[in-house]
Amino acid sequence: MTTFHSAEVVKTEEGRQYHIGLTAQEIASSILLCGDPARAERVSQLFDSVSHRMANREYLTFTGKYQGLPISVMATGIGCDNTEIAMVELSQITENPVLIRIGSSGALAPEIELGDLVISTGAVRLENTSLSYVMEGYPAIAHYEVLMALIQASEELGGRYHVGLTATASGFYGAQARTVPGFPPPREPKLLEHLEQVGVKNLEMETSTLFTLAQLKKGMRAGCVCAIYANRHKNKFIDTDTKSSAEMSCIQTGLKAITLLARMDTQKKNKTFWHPGLLASKNKSPKKK
């Protein structure tokens, strides 16, 4: 009888993570994630400096400094399976990482316009990648500190944004209830209507795996902000100019959230969790003797 043994995360002969191609010296603990390599390139152009660039398969990573803070941006390609690979391999070479997805998505709520941002509080797990780790009812939720940092960043930047639930599908066409010529109709033709009825704001392809795996790995914090590129109610896609400005708004929100989280971590000192009381205690006037 053949016995199969569980193997550790695969590395190359040079000690690099097999898919993302990185070592611990080439990645920061604050990481922005996106699907599009061109977006990662645009993010890196906003860094103060870039010390490392690594391209391996569809994974493109830049590491450097932003406002004096060590930071990385990684393009993972599309989908939960790619996201899972990135997160598993990043977890082997980072200490207590923050992962913020700066993505794109389609709006389900009628009040959301093309070019708006959606900050995810949690994600409906329509994908099956996370089922390799947890049962179907397991919640996929953002880390509250990252969520608050993204909300504050959006407030300070002044753009239109929404906060709520995201749904994560395992594909772009049938999995998102699109009808494709030459193929049978999608199995769930009323999917979008049902998601809207239960309060889901937007639909995309990575976030629920991001949130689920981050909850499973001690010390990992994750959040997500997505620009709206499609309005599924009106069946409209964003134009080129609005897309560029929406993408930059999303990028700047993620970058600002990284700086706010660094400030929150400083305020925690010996505390495990950040809370608003830490601000109140910092601002208290010393008692007169």
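**Close-up views of a predicted model**

View 1. Strand β6 (residues 117-125) has seven of its nine residues buried, so the rest of the structure largely encloses it. Here, buried means under 20% relative accessible area, exposed means over 50%, and partly exposed lies in between (1.4 Å probe, protein chains only). Strands (E, at least two residues) and helices (H or I, at least four) are DSSP runs, numbered from the N terminus. Please keep in mind that this is a predicted model, in which local features need pLDDT of at least 70, side-chain atom pairs count only at pLDDT 80 or more, and totals for chains, interfaces and linings use all residues. Residues are numbered from 1 along each chain as its sequence is written, and side-chain values use heavy atoms, with hydrogens and water left out.

**View 2. The partners of β6.** Two strands count as paired if DSSP finds at least two bridges between them. With strand β8 (residues 161-168), β6 runs parallel, joined by eight bridges; look for Leu117 opposite Tyr161 in β8. Strand β10 (residues 221-231) pairs with β6 in the antiparallel sense over three bridges, and there Leu117 has Ala227 as its bridge partner. Strand β7 (residues 140-141) is also antiparallel to β6, with two bridges. In that pairing, Gly122 stands opposite Ile141.

**View 3. Arg57 in its loop.** You will find Arg57 in the loop between β2 (49-56) and β3 (59-66). Its phi is near 55 degrees, a positive value in a residue other than glycine. Most residues other than glycine have a negative phi. Arg57 counts as exposed because its relative accessibility is 55%.

**View 4. Asn235 in its loop.** Asn235 sits in the loop between β10 and β11 (236-237). Although Asn235 is not a glycine, it has a positive phi of about 55 degrees. With a relative accessibility of 63%, Asn235 counts as exposed.

**View 5. Stepping back to the whole protein.** The protein has seven helices and eleven strands. Its radius of gyration is 20 Å, close to the 19 Å that the globule rule gives for 289 residues, so the protein is as compact as a globular protein of that length. The radius is taken over C-alpha atoms, and the rule is 2.2 Å times the number of residues to the power 0.38. Buried residues make up 49% of the 289 residues. The C-alpha atoms fill a box of roughly 80 × 55 × 40 Å, taken along the principal axes.
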